[in-house]
Amino acid sequence: MLQGSNIFGHERPLVLRISFTTCVVTTVCLPLLGLIACVFISSVFHYEDSTGTHCQVPNYLPSISASISLSPESHIWRFCIGLHSAPRLLVAFTYFKFYKTCFASKFHESALSRLNLAFALTENLGLLLLTYVSSSETYFVHKEGFVLFLVSSLVHMLITCRLWKAIKKYSLSPEDAKSHRWKVRFLLLNISFCAFAGFFYYKHNMYCESGSYTFFALFEYLVVFSNMAFHLTAVWDFKSREVMVISSSEDKTF
């Protein structure tokens with residue numbers, strides 16, 4: 001919603017209001033749609049390149065790293081991630097401000113909220129690294145970016161669940177209880193999917209079994225989807241809030 005007017009030569013600031021729900025959903029949907037598009041294009045048009053590995057055994061799904069390193073998939077993925085990065089930072093700082101208000105008099109939770117912000121920022125940094133440095137360009141940097149993203153996201157989710165456990169304890173809102181419950185569920189799913197992805201990645205590299213890389217790719221998708229679902233719970237946390245963008249300008253007179 002836009003607000004602004006010009007009365008007797010005085011121009012009022014232009015105010016843009018966006019619901020926080022819209023901001024969160026857009027932030028999550030951009031990488032989700034980007035990933036689906038990349039995997040689809042790689043599977044249909046670059047099947048051999050995206051599913052081939054050093055083992056040279058049959059595989060049926062491309063890994064995320066393979067699907068976002070080809071063209072035009074890499075451009076689609078970089079566009080989506082670049083566009084979603086600023087709103088993602090906004091969500092991270094909004095949570096931090098919210099935690100500061102909730103735990104102003106609690107030293108332990110207050111320290112955890114600062115640590116949580118740090119891991120939210122490194123999670124975003126890791127995602128940017130693995131996005132803009134593809135595995136086909138500089139594998140080491142891409143790999144370190146992926147590890148940074150994965151570790152940071154897991155720690156961020158763990159700390160978030162701990163903070164919301166404290167919030168739920170003192171809150172009378174059923175929305176807060178539901179948010180905590182689903183955060184824990186998505187965290188457990190994410191850890192499980194990470195374990196399965198690591199197991200099949202190990203089997204593929206050690207034994208070159210047919211289909212192992214396919215299962216690795218599948219669980220890799222589920223790791224990302226469960227991470228996105230975790231972030232989507234912000235819709236419950238800030239349901240009634242709005243994002244305001246205000247353009248200030250000097251008053252003008254005739």
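**Close-up 1. Y95 and Y99 in the largest nonpolar core of the predicted model.** This core has 16 residues, of which Y95 and Y99 touch the most other members. Two or more residues each come from α1 (20–45), α4, α6 (139–170) and α9 (234–237). The largest share, five residues, is supplied by α6.

**Close-up 2. Surroundings of Y99.** With neighbours within four places in sequence left aside, the contacts of Y99 are S113, N116, T160, L163, W164 and I167.

**Close-up 3. The cis peptide bond between S71 and P72.** Omega for the bond from S71 to P72 is near 15°. P72 belongs to the loop that links α3 (64–67) with α4 (73–102).

**Close-up 4. Q56, a non-glycine residue with positive phi.** The phi angle of Q56 is about 55°. Q56 sits in the loop between α2 (47–51) and α3. The relative accessible area of Q56 is 73%, so this residue counts as exposed.

**Close-up 5. C208, in the loop between α7 (174–207) and α8 (212–232).** C208 is not a glycine, yet its phi is positive, near 50°. The relative accessible area of C208 is 28%, and C208 is therefore classed as partly exposed.

Technical notes. Residues numbered from 1 in each chain as written. Predicted model: local features only at pLDDT ≥ 70, side-chain atom pairs only at ≥ 80, totals over all residues. Heavy atoms only, no water. Helix = DSSP H or I, 4+ residues; strand = E, 2+ residues; numbered from the N terminus. Buried < 20%, exposed > 50% of the residue type's maximum accessible area, 1.4 Å probe, protein only. Core = buried A, V, L, I, M, F, W, Y, C linked by side-chain atoms within 4.5 Å. Contact = heavy atoms within 4.5 Å.
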